[in-house]
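Welcome! The notes below will walk you through it, topic by topic.

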Amino acid sequence: TRALCGPYVFDAAAQRAVENFVDPSHLGVVHDGLLASKDWLRMRPYEVLETEEGLFAPDIEMDFPVPKDGFAISPLSFNRRIPHPLTAQVEVLREDVPYTVWITCCPVGPRRSVAWIWILTEEGLPAEDHRDLEDRVLAQDIEIVNSQRPEWLPLDLQAELHVGSDRIGVAYRNWLRKLGVVYGTDAAPDFTPDRA
């Protein structure tokens, strides 16, 4: 199945939407009851590699609650990739059915962006079912991303608090700085909070 989902409009810089998409720890908090549970989600430490193809966080292992004779914890692993400053991929590493999700964001202003999601899977569900789920997931993401202040992405790591699970977000910000990406960030030459 291939499903194109969106467009999804964010009242925030495109980089905020990309960072949210690749953040593994937000699944249980933002998508509690839909994709995971805040009471049972556990994530092991992971690494982020900078490659010629961008950023790669391999085999991020997480525990998810799954229904099985009541309630059981099932480990899942994910690969997360950021091959372009405004495009990212999450691959669920399942032996039975591959499941990959891509996001691409387009800035339409320093505080506004539009995103599209592509889902590629061999699950037998129709594309419309995938779109319906993604619409619900993105509605939750949009609410969180739109509430973040500032609306642009600070590349100054001291501007926001980061914890261990934010490793990919920190690597993303450092990578954007290294690439010289400034639009949608606090690194823009004419950046001032009042003008952004």
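A residue is called buried when its relative accessible area is under 20%, exposed when it is over 50%, and partly exposed in between. By that rule, 44% of the 196 residues of this protein are buried. Please keep in mind that this is a predicted model.

**Overall layout**
- The protein has four helices and eight strands.
- If you take the contacts with a separation of 6 or more, 57% of them link residues 24 or more positions apart.

**The surface**
- Look for a nonpolar patch on the surface: Leu4, Trp118 and Leu120 form it, and together they have about 250 Å² of accessible area.
- Leu120 belongs to strand S8, which covers residues 112–121.
- Is Leu120 buried or partly exposed? Its relative accessibility is 32%, which lies between the cut-offs of 20% and 50%, so Leu120 counts as partly exposed.

**Helix H3**
- Helix H3 runs through residues 127–147, and at 1.5 Å a residue its 21 residues should span 30 Å.
- The C-alpha atoms at the ends of H3 are 30 Å apart, which agrees with that expectation.
- Which residues of H3 are buried? They are Ala127, His130, Glu134, Val137, Leu138, Asp141, Ile142, Val145 and Asn146.
- These residues cover an arc of only 155° around the axis, so they sit on the same side of H3.
- What covers the buried residues of H3 includes strands S1 (2–10), S7 (99–109) and S8, along with helices H1 (14–22) and H2 (26–30).

- Most peptide bonds are trans, and most residues other than glycine have a negative phi.
- The peptide bond from Gly6 to Pro7 is cis, with omega near 10°, and Pro7 is found in strand S1.
- Arg149 and Pro150 are also joined by a cis peptide bond, with omega about 0°.
- You can find Pro150 in the loop between H3 and helix H4 (167–179).
- Asp59 is not a glycine, yet its phi is positive, near 50°.
- Asp59 lies in strand S4, residues 54–66, and at 46% relative accessibility Asp59 counts as partly exposed.

Definitions and conventions: Residues are numbered from 1 along each chain as its sequence is written. This is a predicted model: local features need pLDDT of at least 70, side-chain atom pairs count only at pLDDT 80 or more; totals for chains, interfaces and linings use all residues. Side-chain values use heavy atoms; hydrogens and water are left out. Helices (H or I, at least four residues) and strands (E, at least two) are DSSP runs, numbered from the N terminus. Buried means under 20% relative accessible area, exposed over 50%, partly exposed in between (1.4 Å probe, protein chains only). Contact means heavy atoms within 4.5 Å. Patches are made of residues with over 30% relative accessible area and no salt bridge: like charges are joined within 9 Å, nonpolar side chains (Val, Leu, Ile, Met, Phe, Trp, Tyr) within 5 Å. Accessible areas come from the Shrake-Rupley method with a 1.4 Å probe; for residues, only the protein chains shown count as cover. A salt bridge is a side-chain nitrogen of Lys or Arg within 4 Å of a carboxyl oxygen of Asp or Glu. The expected span of a helix is 1.5 Å times one less than its number of residues. The arc is that of the directions from the helix axis to the C-beta atoms.
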